[in-house]
Amino acid sequence: MNKNSKIYVAGHRGLVGSAILKNLQVKGYNNIVTRTHKELDLTNQVDVASFFKEEQPEYVFLAAAKVGGIVANNVYRADFIYENMMIQNNVIHQSYIHNVKKLLFLGSTCIYPKHAPQPMKEEYLLTDTLEYTNEPYAIAKIAGIKMCESYNLQYGTNFISVMPTNLYGPNDNFDLERSHVLPALIRKIHLAKLLSESRYDAVIKDLGVSDIEEAKDYLATFGVSEQSVEIWGSGKPKREFLWSEDMADACVFLMEKRDFKDIIIANAMKQSVETTQKEIRNTHINIGTGTDVSIKELAETIREIIGFKGNLVFNTEKPDGTMRKLTDVSKLNGLGWKYKVALSEGVERIYEWYVARF
Ligand SMILES: NC(=O)C1=CN([C@@H]2O[C@H](COP(=O)(O)OP(=O)(O)OC[C@H]3O[C@@H](n4cnc5c(N)ncnc54)[C@H](OP(=O)(O)O)[C@@H]3O)[C@@H](O)[C@H]2O)C=CC1
Ligand SMILES: C[C@H]1O[C@H](OP(=O)(O)OP(=O)(O)OC[C@H]2O[C@@H](n3cnc4c(=O)[nH]c(N)nc43)[C@H](O)[C@@H]2O)[C@@H](O)[C@@H](O)C1=O
C-alpha cells in the first residue's frame, strides 16, 4: 500500500473500523473511502456491486459485521449467520471482480473448537466441534476464511484473514443486553456507583429515561443496584482482551507486510507438498496478547478502577460459553508485531472515554 492507494474501510464507525481508519490517517494514508451502513447496506448484492464499480478500491479492510456478546449471539442466531455471510460474500466476491490488490478479512477466535488445546494455534481450525452459543457466527467466520483461501488458490487473489481475540476500546457497543463483557461491566458498575452516590440525574441521562424509578426498575432487570452488580455465569471462564487501537495497528501492519502468494510460493519452494497444503490451510493469523484473565478478575479490576464499593454477584443461570480461548500469538510476534496496551491501562482509558462520551 502506498499513501495514495485507494483504501476502503468497511464498518468505519464500529469499534475496529474506527480504530483502523484512525491508524491509517495517522500513518498518512490519504485516499480512504467509507460508507455508513445507511449509505450502503453490505448485505445487498446489487448495491455492493455498484459501489465497487464506482469506487474501484485497491485495498479493502472488511471490519463490517453483525457483532455482539454471548447472549446476542445465542439469541439472534439467524441474524448472525445470515448477515455475516451476506456481507462477506458480497465484499469478498466484488473485491475479486474488481481486482482489489489485497483484502483483510476479520474473523474471530470463536472459530476454534470449544475444547481446543490452549493456547490455540492457527492449525486447530476445524479439528473439533464449536461452542454452541456462537456457532452460527463462528460458521459464518469460518466460511469467510475459506472463501479468502479459495479465491486465492483458484483466482490468485491476495486476501488475508486475521483472528482477533476479544476486543475493547472507543466506539464499542455498551448495550446492557447485546454487548461484550468488558463494555457491559464498565457500564453496569459505573451505573451502580452513581446509584450508590445518589447521582440520579447522571443515571437518568445515561439511560435516557424520564425518572429515577424507571431507571432503577430497568437496571434491576440486569441485576444492577446501589449495593451490587450481577455478573453473568460463574466468573470462571477466562478471556484475553486486546485494546482496539492495538488491533488496528496489527491489521495495518499485516496489510503492509503480509502476502498470501509469498507464503505459498515460499513454502512450495522449501517444503513437501503435504506441508505446503497444511500451511495453505492455516494462512489466517491470530491477533491477541497471549495472556488472559478470569471474568471474576476482570470484574474486580473494573470495580477497583471505577471505585464501586458494592458486591459482585454471579448469576449461573446465564451462560459461561467457552471456558478458555487464549490465542497462540507466536506467528504474529514472529512477523515483528506485539501489543502495547495492558488490560489495566486499557480499562482506565475506556472508562475515561465512556464517562466523557455519556
Ligand atoms: N468486538 C470484538 O470483541 C471482536 C470483533 N471481531 C470482528 O471484528 C470486526 C469488527 O467488529 P466490531 O468493530 O467489534 O463491530 P461493531 O459492531 O463495533 O462495528 C461493526 C460495523 O459494521 C457495520 N455494519 C454492520 N452491518 C452492516 C451492513 N449490513 N452494512 C453496512 N455496514 C454494516 C456497523 O454499522 P452500524 O453500526 O451502522 O450498523 C458498524 O460500523 C467484525 O468482523 C467482528 O466479527 C472479532 C473478534 C472480537
Ligand atoms: C468476541 C467473542 O464474543 C462472544 O463470545 P464471548 O467471549 O463468550 O463473549 P462475551 O464478551 O459476551 O462474554 C464473555 C464472558 O463474560 C461473561 N459475562 C459476565 N457478565 C457479562 C455481561 O454483563 N455481559 C456479557 N456480554 N458477558 C458477561 C459471559 O457470560 C462470558 O462467560 C462471541 O459470542 C463472539 O461474538 C466472539 O467472537
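This is a predicted model: local features need pLDDT of at least 70, side-chain atom pairs count only at pLDDT 80 or more; totals for chains, interfaces and linings use all residues.
Residues are numbered from 1 along each chain as its sequence is written, while chains are lettered from A and ligands numbered from 1 in the order in which they are written.

**Exercise 1.** Find which residues come nearest to ligand 1, and which helix gives the largest share of its shell.

*Solution.* Start with the residues around the ligand, where near means a C-beta atom, placed from the backbone, within 6 Å. There are 26 of them around ligand 1, and Gly 11, Gly 14, His 37, Ala 64 and Ala 65 come nearest. Next, look at helices and strands, which are DSSP runs (helices H or I, at least four residues; strands E, at least two) numbered from the N terminus. Helix H1 (15-26), helix H4 (77-97) and strand S6 (166-168) each supply at least two residues. The largest share, three residues, comes from H1.

**Exercise 2.** Work out how the shell around ligand 2 divides by residue type, and which domains it draws on.

*Solution.* First sort the residues: Ala, Val, Leu, Ile, Met, Phe, Trp, Tyr, Cys and Pro count as nonpolar, Asp, Glu, Lys and Arg as charged, and the others, Gly among them, as polar. The shell around ligand 2 then splits into eleven nonpolar, ten polar and three charged residues. Now turn to domains, whose bounds come from an automatic or database assignment. At least three shell residues come from each of domain 1 (7-170 + 240-290 + 327-335) and domain 2 (181-237 + 293-324 + 343-357).

**Exercise 3.** Decide whether Tyr 137 is buried or exposed, and list its contacts.

*Solution.* Begin with the record: the unreviewed UniProt entry annotates Tyr 137 as "active site", and such annotations may be inferred rather than shown by experiment. Tyr 137 sits in helix H5 (residues 135-155). A residue is buried if 20 or more other C-beta atoms lie within 10 Å of its own, exposed if 12 or fewer, and partly exposed in between. Tyr 137 is buried because 28 other C-beta atoms lie within 10 Å. Leaving aside neighbours within four places in sequence, Tyr 137 is in contact (C-beta atoms within 7 Å) with Asn 73, Phe 80, Ile 81, Asn 84 and Cys 110.

**Exercise 4.** Say where His 115 is found and why it counts as partly exposed.

*Solution.* His 115 is in the loop between strand S4 (102-106) and H5. His 115 counts as partly exposed because it has 13 C-beta neighbours inside 10 Å.

Conventions
Two residues are in contact if their C-beta atoms, placed from the backbone, lie within 7 Å.
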